[in-house]
Amino acid sequence: MIFDSTLRDGAQSNGISFTVEDKLKIVRDLDYMGISYIEAGNPGSNPKDAEFFNRMKGKKLKNAVLTAFGSTRRCGIKAEDDSNVRALLTAETPAVAIFGKAWDFHVTDIIKTTLEENLAMIYDTLSFFKERGKEVFFDAEHFFDGYKNNREYALRVLETAKEAGADHLSLCDTNGGCFPDEIYEITKDVCEKLDMSVGIHCHNDCGVAVANSIFAVKAGADHVQGTFTGFGERCGNTCLTNVIGDLQAKMGMICVPEENLSMLTRMAAEVSEIANYKLSNREPFVGKYAFAHKGGMHIDGVTKAPKSFEHISPDIVGNRRRFLTSEVSGRSTIISIIQKIAPYIEKNSKECELVMEKLKEMEYLGYQYEGADQGFELLIRKTIGKYKPFFKLETFKVIGQYDQQVRLTPEELSKETATAVIKVMVKGKSEITAAEGMGPVDALDKALRKALEVFYPQLSTVRLTDYKVRVLDSKAAAASKVRVVIESADEEDSWSTIGVSQDIIEASLIALTDSIEYKLIKEIEKLKELY
């Protein structure tokens, strides 16, 4: 079983702040994916979570069980008199996850009560929810540290939870300080002593949360807690996309419906987008580079037999194979891209040689096309004579505005700070236009598209989705050459282009114009397919 805590533990990550609408969208996606349980927050902790649970009342999920999260009752009071315990009932979820202390040090030195009172707090709270028909998870907080410090007491905590009627026990490596061998041995001991559902909840402070979770499953755990793309407090939580990939694609354990496994990459991107979290390109299974190959020998091997350099087929998890373009990629990679544009060109042709030489020349100047595939396609077109410009940029001017007042408030940050004026020529006709933007690049982007939309209305769907700058020679200080890579998108696709210059505005403009050129070429190719 997969127990997702993106909306609760994930929300504790630095830089993550979900709106109620964000939470509703993520629940929709996780349920659609086939996640078993969705821990969506603590209704007693803040108004946002309370509103979320109110809006979820009456909504039926297809696959997941919505779960509210909270703590055991406070010291010295009854469970029914604890406001946070009562708040969990108002959520009206089928399941609740209750955390309690399993480390004697935390009991005596942090919440400052007796070991027996802690056991009573656990028993009272869990039995309170069981009497009201809830499915109950007990999260044994700091369990592994507690086990190593006082094994007898840590196990008594679990036994108390079982006696109170808990349906599932979750062993928590809350500090993220354990290693796989420790997790395996301790989890195995628990599973042998307690004949019931046992799960694992790991943090990633030592970088081994996924490995710890896999070893817990090998030791007998039947559910894994984590967050969908791994973000969470401090260094994050167990990354569930990794766990699902490892357990289902590699070990044959069904975590989500088999037909949904190919949705893994798309869902990882969607959840990350909603969370405003940058998913690593190198994320196993779902990252953009998870199945990307650059070295010529590797590419040759994968082309002949994919398993020679890939541990699974990328389509199993909905990803795709990528051959990165560089001077070390080899002729086979280059010709495969050339033949998309000109199928008649052969591997040993003059055109292929020209492209190889041009690529080396451009990389020497600072271009790097492995992150800008569409920029490389344009380079090929220009090199083999398959390029005809759609417009000519005649002049441009950027005017910046500086206000001595520090911009701290949302209103001040939303003020446009630059103006761009652009003159373009299309089929003998010129167009001059201006636009304001949040900085010079945004202003240029808006002005360029505004001018060209007069001639090419289809550009109205294009938007800039990412912008990266890298200084190529830091020793030259402010005169350094910079590489700009931009990602653009329309309603159907996304693409990346590149520009290099000592002038960051010029580098940005090169990338922007190539982006627009690529979009227009794509539109023409689409028309050719239709007619």
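Hi everyone. Let's begin with a word we'll need: a residue counts as buried when its relative accessible area is under 20%. Keep in mind that the model on the screen is a predicted one.

Now, is Gln 225 buried or exposed? Its relative accessible area is 0%, so Gln 225 is buried. You'll find this residue in strand E8, which covers residues 223-226.

What do the polar contacts of Gln 225 look like? Its side chain meets the side chain of His 201 at 2.6 Å, and another polar contact, of 3.3 Å, links it to the side chain of Asp 139. If we skip the neighbours within four places in sequence, the residues in contact with Gln 225 include Phe 3, Phe 137, Ser 170, Cys 202 and Leu 240.

Next, a pair of helices. H9 runs over residues 209-219 and H10 over residues 240-250, and their axes lie 10 Å apart at an angle of about 40°. That angle is why we call H9 and H10 oblique to each other. The crossing of H9 past H10 is right-handed. On the H9 side, Val 210, Ser 213, Ile 214 and Val 217 make the contact, and H10 brings Asn 242, Val 243, Asp 246 and Leu 247.

Last stop: helix H7, residues 151-163. Among the buried residues of H7 are Tyr 153, Leu 155, Val 157 and Leu 158. Just after the helix, look for Gly 165, which has a positive phi of about 105°.

Conventions: Residues numbered from 1 in each chain as written. Predicted model: local features only at pLDDT ≥ 70, side-chain atom pairs only at ≥ 80, totals over all residues. Heavy atoms only, no water. Buried < 20%, exposed > 50% of the residue type's maximum accessible area, 1.4 Å probe, protein only. Helix = DSSP H or I, 4+ residues; strand = E, 2+ residues; numbered from the N terminus. Polar contact = N/O pair within 3.5 Å; in protein donor to acceptor, adjacent residues only side chain to side chain. Contact = heavy atoms within 4.5 Å. Axes fitted to C-alpha atoms, helices over the stretch in contact; angles between N-to-C directions. Parallel < 35°, antiparallel > 145°, perpendicular 65-115°, else oblique. Left-handed = near helix turned anticlockwise from the far one by under 90°.
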